[in-house]
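Subject: Structure for you to look through

Hello,

Here is the structure I said I would pass on.

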Amino acid sequence: MSIGFQGKVVVITGAGGALGKAYAQDFAARGAQVVANDLGGVAAGGGASTGPADATVAAIRAAGGTAVANYDSVTDGEKIIQCALDHFGRVDIVVNNAGILRDLSFHKMTPQDFEDLYQVHLLGTFKLCHAAWPHLREQGFGRIVNTSSAAGIYGNFGQANYSSMKLGIHGLTLTLATEGRAKNVLANTIAPAAMSRLTLTVMTAEQLRAMRAELVSPLVLKLCDPASRETGGLFEVGGGWIGKLRWERSAGHHFSPNAPLTPEQIAEQWEAITRFDDGATHPTSMAEAFGPYDKVMKGEIR
Ligand SMILES: NC(=O)c1ccc[n+]([C@@H]2O[C@H](COP(=O)([O-])OP(=O)(O)OC[C@H]3O[C@@H](n4cnc5c(N)ncnc54)[C@H](O)[C@@H]3O)[C@@H](O)[C@H]2O)c1
């Protein structure tokens, strides 16, 4: 079944960059009206230019699509959503994609390096979602795609600031998925891998050629499909490969809640606590996660 976005308004942050431009062009090609936001700063943050957003809008219009440029910082997310309302009268889809990198090993990282990444990634994502949220809820339709990173999921040398924000973004997305589900407001997270100025330093020229942004974009569109039911998902995507992640929890071990518990007792059961090959589960909600505590509170564990 073909996926179309006729009548839908999509806001894409960082739409002048490699991934954001691909998203903006692909949404527009399938009928969406696009707000192409980009501050146009440098990769480490700072600076501003209208060029990147304008170039994306020009490419969309040249192909017969509809788009408007916006140059606000995502830290002023409410202005970007207001731009969608002013130009197109509504907002349906938000793709939080803007990002900067400031790689430094932790002992060299200053509080400002952490704060600046917080502002663009986590606070920026919050601001856009928060400003769009009442509109999405009220109209009973919304799609949000937020951008994480393998660095957030797994940790990465020199990226303490970046990885903190990137996994924080998934935490935000999980709660938005929980709160939005009943109103058909679906939220998912992607961790992309693609050639861009952010990856120039960490990939070889050959690797970069294989990792086209155009191979990430179709997943973003799929997650925003008006017919989609997928929400709260975390997907890794790049180079034409797509996979989904989930939490896995060991079966664990119950000690008596009615007796003293010592570190030595825990050491004795360490293998049972940490092994995944016997009775591991994949909780997807707080209710599921609370299963072991429920047993204790119901007096089933003595
Ligand atoms: N390329 C990858 O392999 C990769 C891997 C993991 C995560 N990501 C994430 O994907 C997203 C897109 O990255 P990209 O690789 O296309 O990089 P990019 O640098 O080409 O694009 C990012 C864009 O965001 C814009 N931007 C930065 N700060 C902004 C702000 N405050 N307000 C508005 N716009 C702002 C920049 O001007 C830039 O055009 C980022 O969130 C990045 O962290 C990318």
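One definition is needed before the rest: a residue counts as buried under 20% relative accessible area, as exposed over 50%, and as partly exposed in between. Glutamine 112 has a relative accessibility of 46%, so glutamine 112 is partly exposed. Please also keep in mind that this is a predicted model.

The whole chain

The protein chain contains 12 helices and 8 strands. Its C-alpha trace spans about 70 × 45 × 35 Å along the principal axes. A compact globule of 302 residues would have a radius of gyration near 19 Å, and the 21 Å of the protein chain agrees with that. Of those 302 residues, 42% count as buried.

If we take the contacts between residues at least 6 apart in sequence, 69% of them join residues at least 24 apart. The chain exposes about 15300 Å², and carbon and sulfur atoms supply 56% of this area. As for charge, there are 26 positive and 28 negative side chains. The centres of the two sets lie 6 Å apart.

Helix α1

Helix α1 covers residues 18-29, which makes 12 residues. From its first C-alpha to its last, α1 reaches 17 Å, close to the 16 Å expected at 1.5 Å a residue.

Which residues of α1 are buried? They are Leu19, Gly20, Ala22, Tyr23, Ala24, Phe27 and Ala28. As background, an α-helix has 3.6 residues a turn, so residues three or four places apart point the same way. The cover over the buried residues of α1 includes the strands β1 (9-12), β2 (33-37), β4 (93-96) and β6 (185-193). It also includes the helices α2 (51-62) and α8 (217-223). After α1 comes glycine 31, which has a positive phi, near 95°.

Is threonine 56 buried or exposed? Threonine 56 sits in helix α2, and its relative accessible area is 0%, so it is buried. Leaving out residues up to four places away in sequence, threonine 56 touches Ala15, Gly16, Lys21, Ala24 and Ala36. One of these, Ala24, is also among the buried residues of α1.

Glycine 45 belongs to the loop between β2 and α2. With a relative accessible area of 25%, glycine 45 is partly exposed. Cysteine 129 is 84 residues from glycine 45 along the chain, and their C-alpha atoms are separated by 21 Å.

Around helix α4

Glutamine 112 and asparagine 161 are 49 residues apart in sequence, but 9.8 Å apart in space from C-alpha to C-alpha.

Aspartate 103 is found in the loop between β4 and α4. Its relative accessibility is 40%, so aspartate 103 counts as partly exposed. Apart from neighbours within four places in sequence, aspartate 103 is in contact with Gly158 and Gln159. Between aspartate 103 and alanine 15 there are 88 residues of separation along the chain and 22 Å between C-alpha atoms.

One more residue

Asparagine 184 lies in the loop between α6 (160-180) and β6. Its phi is near 60°, which is a positive value in a residue other than glycine.

Regards

Conventions. Residues numbered from 1 in each chain as written. Predicted model: local features only at pLDDT ≥ 70, side-chain atom pairs only at ≥ 80, totals over all residues. Heavy atoms only, no water. Helix = DSSP H or I, 4+ residues; strand = E, 2+ residues; numbered from the N terminus. Rg over C-alpha atoms; globule rule 2.2 N^0.38 Å. Buried < 20%, exposed > 50% of the residue type's maximum accessible area, 1.4 Å probe, protein only. Contact = heavy atoms within 4.5 Å. Areas by Shrake-Rupley, 256 points an atom, 1.4 Å probe, with all protein chains shown as cover. Lys, Arg positive; Asp, Glu negative; His and termini not counted. Charge placed at Lys NZ, Arg CZ, Asp CG, Glu CD. Expected span 1.5 Å × (residues − 1).
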